[in-house]
Protein chains: 2
Amino acid sequence: MAKKYVYLFSEGDASMRNLLGGKGANLAEMTKLGFPVPQGFTVSTEACTRYYTDGKKIGDDIIKEIYAQLAVTEKNVGKKFGDNENPFLVSVRSGARASMPGMMDTILNLGLNDMAVEALAKKTDNPRFAYDSYRRFIQMFSDVVMELPKSNFEKIIDEMKESRGIKLDIEFSASDLKEMIVRFKDYYKAQKGVEFPQDPKVQLIESVKAVFRSWDNPRAIYYRRMNDIPSDWGTAVNVQAMVFGNMGNTSGTGVAFTRNPSTGEKKLYGEYLINAQGEDVVAGIRTPQPIETLKQVMPKVYEQFIDIAGKLEDHYKDMQDMEFTIENEKLYMLQTRNGKRTAQAALKIAVDLVAEGMNTKEEAILKVDPKQLDTLLHPGFVPSALASATVITRGLPASPGAACGKIAFTADEAIERAKNGEKVVLVRLETSPEDIEGMDSAQGVLTARGGMTSHAAVVARGMGKCCVAGAGEIKVDDAAKKLVINGKTYTENDAISLDGSTGNVYAGMIDTQDAELTGDFGTFMEWADDIRTLQVRTNADTPRDAKQAVKFGAEGIGLCRTEHMFFEENRIRAVREMIVGKTVEERSKALDKILPMQQGDFEELYRALGGRPVTIRFLDPPLHEFVPQTDEEIADLAKEMSLSFEELKTTVENLHEFNPMLGHRGCRLAVTYPEIAAMQTTAVIQAAIKVNSEGMNVVPEIMIPLVGDIKELAYVKKTVTDTADKIIAKNGVKLSYKVGTMIEIPRAAITADELAKEAEFFSFGTNDLTQMTYGFSRDDAGKFLGEYYDTKIFESDPFVKLDHVGVGRLVKMAVELGRKTRPDIKLGICGEHGGDPSTIEFCHNIGLNYVSCSPFRVPIARLAAAQAKVKEGK
Amino acid sequence: MAKKYVYLFSEGDASMRNLLGGKGANLAEMTKLGFPVPQGFTVSTEACTRYYTDGKKIGDDIIKEIYAQLAVTEKNVGKKFGDNENPFLVSVRSGARASMPGMMDTILNLGLNDMAVEALAKKTDNPRFAYDSYRRFIQMFSDVVMELPKSNFEKIIDEMKESRGIKLDIEFSASDLKEMIVRFKDYYKAQKGVEFPQDPKVQLIESVKAVFRSWDNPRAIYYRRMNDIPSDWGTAVNVQAMVFGNMGNTSGTGVAFTRNPSTGEKKLYGEYLINAQGEDVVAGIRTPQPIETLKQVMPKVYEQFIDIAGKLEDHYKDMQDMEFTIENEKLYMLQTRNGKRTAQAALKIAVDLVAEGMNTKEEAILKVDPKQLDTLLHPGFVPSALASATVITRGLPASPGAACGKIAFTADEAIERAKNGEKVVLVRLETSPEDIEGMDSAQGVLTARGGMTSHAAVVARGMGKCCVAGAGEIKVDDAAKKLVINGKTYTENDAISLDGSTGNVYAGMIDTQDAELTGDFGTFMEWADDIRTLQVRTNADTPRDAKQAVKFGAEGIGLCRTEHMFFEENRIRAVREMIVGKTVEERSKALDKILPMQQGDFEELYRALGGRPVTIRFLDPPLHEFVPQTDEEIADLAKEMSLSFEELKTTVENLHEFNPMLGHRGCRLAVTYPEIAAMQTTAVIQAAIKVNSEGMNVVPEIMIPLVGDIKELAYVKKTVTDTADKIIAKNGVKLSYKVGTMIEIPRAAITADELAKEAEFFSFGTNDLTQMTYGFSRDDAGKFLGEYYDTKIFESDPFVKLDHVGVGRLVKMAVELGRKTRPDIKLGICGEHGGDPSTIEFCHNIGLNYVSCSPFRVPIARLAAAQAKVKEGK
């Protein structure tokens, strides 16, 4: 039997999400539940995938199937495409497996042509409505499907307004619109060389293709990369009978959430517009009414909607985000989905759903995106600083958080300035999907127009980015790069601050402070900790970071990089003396100066951790990182160190490396300069003895970096244990310590069975492991990664999300080999991947003991670990 | 039962080589065969290994066992250690599993003390002999065991000569020697603070330790690295009853080979000295007599020796290298082993042994070290050039070949100057084991003293290095850096030429030419080809190299690097135009200029290969390698190209990479600039069409470098196949071609199952694979590899011998994964390892189809492949 590509809504259900996309599956589910859904059918995601593998063509068999399901739908609704009495009009919308709001294309009013528009006028007894719908369709189809810019049509509209002396679209008469249609079609023909297509079937197939095509537009690709959505999922296309919210004052359209997506409050929350089509709400061009007021306007419709909303939340056991249209007082459900929400709302909803008995703790744990927690961890404004700050205007509190920065007027400008290290706030009249990368680069977003469900608001919440939307008082002139608020002008050199939780906009930069981690957050994280089995440590080099991490729930330090301590101003001199030292003695003398400082570092770290394990990595970077590179700097340093310029210059030149990443660093330093490892061991051990004498019980973990061979590890370990055991014996104390290794070189992973003979623990350094396994350095990959994303060779950044297929296979191999030799070996990960939820799930599944990540990632990791455990049970 | 560490000669046999070392096992075997072997015992290699793991101590149990076996031996020979009537004297010699001539220490005459020397004097009725033996022992023991430099004792001897007005050792009287002993012992006590040890058992244990210690001396480590001998093999120690070749004119000592080690001629070949100890022959201090003359001197001994030599060769079925001593007309065999031989001799002996029915072809194949063939492949002197050359002196033809270079007077100097790219000939009075690295660095070696079995001759033959030994007319003054031959002085600035096959030494540099590959060589290589199953291809970028390789038996090109073609003078301009091109069009325009030249390259290559397969690797290096780096060069080029300096400087700077090895190169270039891959494909395919139209049948193999991901390969392959198929269609011809990939990035090996979906062949680029798997670059590893060898972390160069444990595991994994997906995938190796015999054996064993190596390595690879096949059958 041939594969089925097209499904009537009545043929599907919510479980068919992968095939029908989220929107299609939920339309089918609502149909099954008996709710009022305009009928139609879904062209599956597999048809999209085939469209691409067939070289961007829709197969004849699929077209045939579309026509067949169209015929069934026409029969069901009792209308016909292009009919001169009862014409069938449809919307054509994308709908991927994962929600990608606004990223792809939509065509409304499809089916209109010169004949059908007359029929529609007659049937609705509303010629103005009919002509307006047709001109909108011509405009949208030309733009989305035929790539004739919308703005050229807007120009025609503006000319007509001018000649008629009117200002608003609404002022056009039916005959104006009829004339507009003629002008639009003429323009179309002039541009395309053919008539605007009159056959609705042609319109339909071209539109389906356009939606498939839009799966691969740049903003969709960027969104997928940001949200880790594979390109081979494809999008489905939903073809649905049109209903009209713009048929007059007994019609309307709206969106609503079963709970407040910003706070999580259990109360229907939404907006609607009377006499409007759905896109008007989302686009944020008119500011809509709160959903409650519908109760007065259309009480019966409101009641029915309340009922449906409640049933949908009960059915999906989660907060729903719904779109509806009212056509002549009849309610139609156009969409339902689990609603996007702020982190704060997500936590409250999760805790409430458990309290209400609707979710188990395990189910609730899965309802919060770990990455979202980030917004709760970063600083808000310091109240005292806020008290003296001036509110210059107000908007809607569209996405919580605090942001300050100088004003950027375009997305490109925001990207560019952010790249140069500047903090910017993106200020726009309204945002559009093209702005997404600029929003990501900015500290926060301020818009003049649009509501809580406008593009800016939805996208900013998804990003966990502070956003104030619909600040109606501001005037933005992006060409002139000016922002005018109440007569005062702000330029790109002025800073503003946004409070996304109140909607306040302040002049200047305002001091910020840490967030509190109590209430729902506390409760929720307790559940996560109860559930998870994977431990969470932190990467921290300073007592300050370590304390922050412990506050965030870190259970130890997984990576303390000691080189940062070498760079401190009062130490770099001694480090350089060591580097220019020609003999072991000269080097040891310099190291003796560093020892007490280094020991002090460790004492403080141990105290900050209060007895939790601390893994200390020995010196890793190549020595040339510690010496100046330009002749001027070398001359200065030579003078300071009483060396000749030539001598120092030679030292610096000898340290030069062709490929520093693959050079004389890591444990290779400890092999050539065992005295460095000995000094670091002395500091680690003496610090532990000192702190333990104060009543603590520190068991230091010494980690040897960049090991590739068992003999290398054994050699350095011997220096460590010889030194440590001597100090312990001399002090007459008992002190346990561990010696382990980083696994960050492919050969280490491959020979992990050997390494485990010496190593008491492994810590996967997935940054370097990724670089060496892929054979490219992070510093250089920028030269080609752009093309790699464009050509879809890469769909996610391997330095953010661990490459499970390649690097992951090495990690898994090392875990298995290591455990074979030493069943109780402690295994962790300390690359930056340690804070990435998908990587954490991978780490849980392959049986690591812990992940280690930056302090601000610790809560994220705790939640991700809990989710991994829950998913494993499924 | 406790482990046995000490074996009497009568307890072992030749099969126990790993435990007893080569010397010990063969002494046992000769004992078993009933030949006259001075009795003794062997302390096993396992005792040596334990010595090191126990922290350089000999366990009490082993000492006890040594004493026990000593007692048995004393009983057998009827002598006792330190006895005042019949004292037992022994030699203590090293003996590793693999022969390491002269690398480790030996102590003779052990057992002598103040009492035993008198008994020996009495018993032999030769006080002078006894005192001479004792003073030699004190000297040797002090030097080798107690590390008191031999030269300090020589100083005492020189003082005594002066005070007595004598010149030669032989002129000392017995009482002189007695006085010398007193002075030696006084000196010893002054230096060491204790008396010279009188207890022979103490002497023995200290000497065993010294031999164990010498396993790890720098020259032994260097030799092992050069010959790929693992350090954990350890050496055995042979303790053997002394026999004396220096007891007068009815005594003597010698070495002999059953066939000529230089030519392979089937004729006993050897030398001996009357009234000498064995070390005198090897050290080359006195020039010995040919073995034939022994027939006149001691006919019965000679006959007995001839008989034993014949029986030994029959027994071992190989040419034997024997040491013997005659003590008062009684013959003792001190050693036999398979003799080292020149490549030419090895081939003749192998072919003869088969003809004589003593070996099968398979056995014969194993008797030639593939690396040795190298000497036969390199040029000899051009006869016409030789005709006009001046012979300045003559020596012994100790190791064949031709060498020319400027004179280096010390090993260190040779090493240093060779490092700087200079060709040098090492000229020494005589060589010693300390010179080994200098000999390796030199083109050839010339010595003033020593015979065909002197240190210089033996070591040079082992290295395949040209050597002229015992050139008695030359006077070498290494302090003054002068060589005087017949009154004419030569300095480090003068060049000389050596003919190792004739012993001639010429002034100046003489032109050389290729060797002939016929005769025994041809026969032998035919056998190798019949036996082997692994194919041998070559790495060649030019028709010249390709033709050379085909002459050497290459069966195709495994790697043609196309970048070399880009560097040619008339092309680099177009390449640079491409690089500065800002658009696809500009780059394509430049590439159009390169296309006809590149196509011409391939046509010539195809013709040179005569239809054999040719694998062409697409552009690999980063583009910055094609542009100048200094401001001056950039300014020049900018002028030439009519660009502004700033513009070109910016281009060059943008091409800069932090880690070029991990940068924008390989297939990454083809992803960002598909036009390059398209041009190269066009050249490959058009050239094949052209050449095939001439009647050839070329099936080009296009190889994509540096692939790490299946999508990367698929993307580039699409450019290749789209381009190729279009050209083939346009030309209306049939042409097969293959597209494959290098496996040189760890991730490629790990995901080889994926890659095999697209790749029709894999070629392992083990140079890069080694660098990335180990995480160090070859250019930078020099900074620490020295310490890695010193600390024995590394025992061989991973860029020469493939690391089987790590990199090899990846290769094996890729082979298995690749074949799982595509059972008929063609697998080869094209890294430099492809010419290394141990790597070739590895490649055979994991089932590769071919190895590819440099043209001069092709015969070596053919033999190594045959040996791998024979060993596999065992």
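How many residue pairs are in polar contact between chain A and chain B? The count is 30, with both residues at pLDDT 80 or more; a polar contact here is a pair of N or O atoms within 3.5 Å, where within protein one must be able to donate a hydrogen and the other to accept it, and residues adjacent in sequence count only if both atoms are side-chain atoms.

A word before the views: this is a predicted model, in which local features need pLDDT of at least 70, side-chain atom pairs count only at pLDDT 80 or more, and totals for chains, interfaces and linings use all residues. Residues are numbered from 1 along each chain as its sequence is written, chains are lettered from A and ligands numbered from 1 in the order in which they are written, and side-chain values use heavy atoms, with hydrogens and water left out.

**View 1. Chain A meets chain B.** Each chain brings 49 residues to the contact (heavy atoms within 4.5 Å). Together they bury about 4400 Å², with 60% of it on carbon and sulfur atoms; buried area is the accessible area (1.4 Å probe) that two parts lose on being put together, summed over both.

**View 2. Salt bridges across the interface.** Welcome to the charged pairs: there are six salt bridges between chain A and chain B, each a side-chain nitrogen of Lys or Arg within 4 Å of a carboxyl oxygen of Asp or Glu. One to look for joins Lys711(A) to Glu795(B), whose closest N and O atoms are 2.9 Å apart.

**View 3. The chain A side of the contact.** Elements giving two or more residues to this side include α26 (645-655), α29 (710-731) and α34 (807-821) of chain A; helices (H or I, at least four residues) and strands (E, at least two) are DSSP runs, numbered from the N terminus. The largest share, six residues, comes from α33(A). By class, this side of chain A has 22 nonpolar, twelve polar and 15 charged residues.

**View 4. A three-stranded sheet in chain A.** The open sheet runs in the order β18-β19-β20, with antiparallel pairing (two strands pair if DSSP finds at least two bridges between them). At its edges, β18 (474-477) and β20 (488-490) of chain A each have a single partner strand, so one side of each lacks a neighbour in the sheet. Four bridges link β18(A) with β19 (residues 482-485) of chain A, and Ile474(A) has Ile485(A) as its bridge partner in β19(A).

**View 5. A sheet in chain B.** Here too, three strands form an open, antiparallel sheet in the order β18-β19-β20. Its edge strands, β18 (474-477) and β20 (488-490) of chain B, each pair on one side only. Look for Ile474(B), whose bridge partner in β19(B) is Ile485(B).

How values were computed. Ala, Val, Leu, Ile, Met, Phe, Trp, Tyr, Cys and Pro count as nonpolar, Asp, Glu, Lys and Arg as charged, and the others, Gly among them, as polar.
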